[in-house]
Amino acid sequence: MNTTAQTDTALRTRALESLLIEKGLITEDIIDEVVEKYEKDVGPLNGARVVARAWTDPDYKRRLLEDGRAAIAELGFDSAHGAKIVVIENTPDVHHLVVCTLCSCYPWSVLGLPPNWYKSYAYRSRAVREPRAVLLEFDLNLPDTVEIRVWDSNSDLRYMVLPERPAGTEDYTEEQLISLVTRDSMIGVAKIESPSK
Ligand code: FE
């Protein structure tokens with residue numbers, strides 16, 4: 001997004017905010033609360049908890065893959081805007097990558113705010129067309145034998161990747177596993193490195 005577009009968006013946002021406050025639909029406090037919540041409280045840590053639980057509890061993992069939103073809600077994380085969340089599992093043979101080609105739809109309740117690159121035109125347009133090249137730019141070099149599937153999030157349906165549990169973590173506690181899970185691995189632009197490396 002260029003500077004002019006950013007200024008336009010900022011202006012439109014402020015205009016909308018003033019209008020909603022003027023009409024008594026929301027208060028400035030509520031806006032501040034929501035922004036603060038997504039900036040500080042909700043971050044990829046929620047998603048990391050979901051992933052670590054799925055790695056350690058096969059029943060939970062089954063429920064998560066069947067109905068992402070419900071299984072995520074079990075851990076106390078509500079789906080933002082009531083959107084459906086579909087969780088897709090990476091395996092040694094299939095690697096999933098998430099994008100929103102239209103704008104920046106993202107599973108906020110588990111991953112927090114999307115990174116800037118996720119919202120960029122370059123990522124949105126190239127992830128579908130040349131996912132392997134895009135992953136290489138994220139330093140993820142997948143063998144040709146690995147199939148890459150790209151998932152296009154939208155406002156009603158948002159995707160989250162369940163990354164592969166790295167080797168060498170068999171004895172790890174759930175808390176230790178949580179600390180290994182990165183935001184990028186849940187978008188599908190990274191794998192989780194084995195801690196023994
Ligand atoms: Fe979007």
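The lining of the second largest pocket divides into 6 nonpolar, 2 polar and 6 charged residues, where Ala, Val, Leu, Ile, Met, Phe, Trp, Tyr, Cys and Pro count as nonpolar, Asp, Glu, Lys and Arg as charged, and the others, Gly among them, as polar. A pocket here is an open set of points on a 1 Å grid over the protein atoms alone, where a 1.4 Å probe fits, with protein on both sides within 12 Å along at least five of seven lines; lining residues have an atom within 4 Å of a point. Of the 14 lining residues, Pro166, Lys191, Ile192, Glu193 and Ser194 lie nearest the pocket's centre. Its volume is about 250 Å³, taken as the space filled by probe spheres set on the points, which are joined across faces, edges and corners.

The model is predicted: local features need pLDDT of at least 70 and side-chain atom pairs pLDDT 80 or more, while totals for chains, interfaces and linings use all residues. Residues are numbered from 1 along each chain as its sequence is written, and side-chain values use heavy atoms, without hydrogens and water.

Leu142 lies in the loop between helix H9 (131-137) and strand S3 (147-152); helices (H or I, at least four residues) and strands (E, at least two) are DSSP runs numbered from the N terminus. Leu142 is buried, at 8% relative accessible area; buried means under 20%, exposed over 50%, and partly exposed in between, with a 1.4 Å probe and protein chains only.

Helix H8 (residues 121-129) has the buried residues Tyr123, Arg124, Ser125, Arg126 and Ala127. They pack against strand S2 (94-99), helix H7 (116-119), H9, S3 and helix H11 (183-187).

Tyr123 belongs to an aromatic cluster with Tyr106, Trp117, Tyr118 and Phe138. The whole structure has 7 aromatic pairs. Trp117 and Tyr123 form an edge-to-face pair, 5.0 Å centre to centre with 75° between the planes. Rings of Phe, Tyr and Trp (its six-membered ring) pair if their centres lie within 6.5 Å; planes under 30 degrees apart are stacked, over 60 edge-to-face, the rest tilted. Tyr123 is buried at 4% relative accessibility, whereas Trp117 is partly exposed at 23%.

Tyr123 is also among the residues with the most contacts inside the largest nonpolar core, which has 42 residues. Helix H3 (residues 44-56) gives the most to this core, with 6 residues. Such a core is a set of buried Ala, Val, Leu, Ile, Met, Phe, Trp, Tyr and Cys residues joined through side-chain atoms within 4.5 Å.

Definitions and conventions
Contact = heavy atoms within 4.5 Å.
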